[in-house]
Amino acid sequence: MMRIIVLISGNGSNLQAILDHCASGKIAGEVVGVISNKADAYGLVRAKDAGVATAILTQQQFASREEYDTSLLALMADYQPDLVVLAGFMRILSAQLVHHFAGRMLNIHPSLLPKYQGLHTHQRAIDAGDSEHGTSVHFVTEELDGGPVILQARVPIFEGDEADEVAARVQAQEHSIYPLVVRWFCEGRLQMMDGAVQLDGALLGPAGYACE
């Protein structure tokens, strides 16, 4: 069984999806720890309800970002994870931390990367007049939201949509594709090799796995 830790900052709905898939046996892994940089993150409640160990590490506890990242790396290492899952963790990670977990750290971003890296992706897609939007699961590298894409899901943008309506559509897809990618990793099917993604030994393109 793969040992998984999840880093959160908020509600933890993607965490819940992964916990549910682990509990049902769909993922050959176990969430052994959940770390939050926000003491009031509801995802901590979800973790405790599932019997998962939790830890809180806030920036206010440290004098600098460097001290925070050093302590975070040590805390993460204590769990001896095979896989690190970022699920709405609203911090930019240091190069040292990313290098330590290279090829073993996943993130989900609410856009069809490489479009709309960073924040406010749903509104930016609406403002640009896009007819579709989506979400991307990718390996984490030093470049913010720039690691190689593993899997994407697309949703329509309808005329008159507000950002929260698009967000709800996107989140529903996140809850499907993030556990699936975690499952692939735990089954040994997924790797990052030389800055690219391999699934079942096949090199994936810039948009990740796609099946018509």
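**Hairpins, cysteines and a loop serine**

Modeller: Bear in mind that this is a predicted model. A place to begin is the hairpin of S9 and S10, where two residues lie between the strands and Asp-200 takes a positive phi near 55°.

Biologist: And how many bridges hold S9 to S10, and which way do they run?
Modeller: S9 and S10 are joined by two bridges and run antiparallel. As for a specific pair, Gln-198 has Leu-203 in S10 as its bridge partner.

Biologist: What sheet do these strands belong to, and in what order?
Modeller: They belong to an open sheet of three strands, in the order S8-S9-S10, with antiparallel pairing. Strand S8 (190-193) and strand S10 (202-203) are the edge strands, since each of them pairs on one side only.

Biologist: OK, how many bridges are there between S8 and S9?
Modeller: There are four, with S8 and strand S9, residues 196-199, pairing in the antiparallel sense. Within that pairing, Gln-191 stands opposite Gln-198 in S9, while Met-192 has Val-197 in S9 as its bridge partner.

Biologist: What does the turn between S8 and S9 look like?
Modeller: S8 and S9 form a hairpin with two residues between them, and Asp-194 in that turn has a positive phi of about 55°.

Biologist: Switching topic, how many disulfides are there?
Modeller: Zero, according to a search of the whole structure.

Biologist: Is Cys-22 buried or exposed?
Modeller: Cys-22 is buried, with a relative accessible area of 14%. Cys-186 also counts as buried, at 9% relative accessibility, because the cut-off for that label is under 20%.

Biologist: One more, where does Ser-94 sit?
Modeller: Ser-94 lies in the loop that runs between strand S4 (83-86) and helix H4 (95-100). Its relative accessible area is 15%, so Ser-94 is buried.

Biologist: Which residues is Ser-94 in contact with, leaving aside its neighbours within four places in sequence?
Modeller: With those neighbours left aside, Ser-94 is in contact with Arg-65 and Asp-69.

Notes. Residues are numbered from 1 along each chain as its sequence is written. This is a predicted model: local features need pLDDT of at least 70, side-chain atom pairs count only at pLDDT 80 or more; totals for chains, interfaces and linings use all residues. Side-chain values use heavy atoms; hydrogens and water are left out. Buried means under 20% relative accessible area, exposed over 50%, partly exposed in between (1.4 Å probe, protein chains only). Contact means heavy atoms within 4.5 Å. Two strands pair if DSSP finds at least two bridges between them. A disulfide is a pair of cysteine sulfur atoms within 2.5 Å.
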